[in-house]
Amino acid sequence: MSSLFPSFDSFVKGTATTVAGLSTVGVGLLFFGQNYLIYPSAFPPGSRTEVPNPADFDLPYQDLPLTTPDNVTLQCYLLTQRTEMPFPGAMPVETSENETNEQFAARRPTVLMFHGNGGNVGHRIPLAKVFYVKMRCNVLMLSYRGYGRSEGSPSEKGIRIDAQCALDHILSHPYLSKTPIILYGQSIGGAVAIDLAHRNTHAVRALILENTFLSLPRLVPSALPVLGPFAFLCHQKWDSASKVPSIPAEIPMLLLSGVRDEVVPREHMQELWKLVQQRAPGGRRPSDRPQGEEADVKEAESSKQAIVSHSRFVEFPRGTHNDTCVQEGYWHAVAAFVMEVAPEEAPSSATSATPLTPSISSISSLPSTSSAWDSFES
């Protein structure tokens, strides 16, 4: 996973000498070259051609080419759950004797993953493996247009279409359509997740957001200080701050923030958390409430507090932009959240109809440090 933006120097090298005045360079780069800055899909070198697949990590998977409404083919990966999980430390889940893989997958959560702006979908397979093995989730790994082996060129408009296409695939799937859908986004992927949830509040169970930002124009002054005066020219908005309030409080969010993030200032995640806490049930602000509902305000506020309690904000003191996911406690927080928002259901033939709750020991082996992470990847 790369930083959100490549270095300014690497971009202007070879061209700065032909342009008169730093201000002209700044305006030109930000307005005409911002897609390169924001979506460096060829970085690190080889990212467009060398794409690992889940089989490289001994994971069963399906190559999933998705064709978007504007006729762009995305090369994605789909990992669906199976009753048997031959991996050490896999979370035990009760199954019935005659339960099929499809029936089992239909009662497990589905995680839709949105990666950061560098590298490709294959670089995130170790993260998918944690969801798949340690939490027994189905996983759809979306490869944005212009990334990896996906066709097209990346842009905010295009990636919004890609995300919707992936969600629509889940919603039309013969058995994944029955599962609770959790969106997981890192960095710019968090903005993709927020935008998708904002447009599909009926379909999303929860969001997990790591080191994401309020909006790109508000990020430019810190990420690219020399271009700060020209942030108003940023036409790639990803304005999460304006969309979070319209996502109903009934949709829990887990925010994971690296305190030492050198790309997205800590304040962005803190401000997003404030917005998450201020959400109203049904996604309505108090000012949107029709006259005559004042008598229900106290009851609604009480309900809101109960719902918001499922949302959490977790900071990792040593976490930077690219290594927060290997900080101690990260995957424990994620697993506990997934268990809470999508509790395990008993198989249909089980004698007990009550939801099953795995013990905390089932997530005690989750990778929590970089050394544990390295051993898990093998």
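Predicted model: local features only at pLDDT ≥ 70, side-chain atom pairs only at ≥ 80, totals over all residues.
**Entry 1: aromatic pairs**

I searched the whole structure for aromatic pairs and found 8. I looked at Y61 and Y77 to begin with. Their rings are 5.5 Å apart, centre to centre, and the planes make an angle of 80°. I logged the pair as edge-to-face, because planes over 60 degrees apart count as such. Y61 sits in the loop between helix 3 (34-38) and strand 1 (62-67). Y77 belongs to strand 2 (residues 73-79). The pair therefore ties together parts 16 residues apart in sequence. Y61 is partly exposed at 28% relative accessible area, whereas Y77 is buried at 5%.

**Entry 2: Y184 and W331**

I turned to Y184 and W331. This pair is tilted, with 6.4 Å between centres and 35° between planes. Y184 lies in strand 5 (residues 181-186) and W331 in helix 12 (residues 330-341). They are 147 residues apart, so I noted a link between distant parts of the chain. Both Y184 and W331 are buried. I also found them in one aromatic cluster with F131, F316 and Y330.

**Entry 3: helix 10**

I looked up helix 10 (residues 266-277), which has 12 residues. From first C-alpha to last it reaches 17 Å, close to the expected 16 Å. Which of its residues are buried? I listed H268, M269, L272, W273 and V276. Residues three or four places apart in an α-helix point the same way, because a turn takes 3.6 residues. I then traced what the buried residues of helix 10 pack against: strand 6 (206-210), helix 8 (216-223), helix 9 (240-243), strand 7 (253-258) and strand 8 (312-316).

How values were computed. Residues numbered from 1 in each chain as written. Heavy atoms only, no water. Phe/Tyr/Trp six-rings, centres within 6.5 Å; stacked < 30°, edge-to-face > 60°. Helix = DSSP H or I, 4+ residues; strand = E, 2+ residues; numbered from the N terminus. Buried < 20%, exposed > 50% of the residue type's maximum accessible area, 1.4 Å probe, protein only. Expected span 1.5 Å × (residues − 1). Contact = heavy atoms within 4.5 Å.
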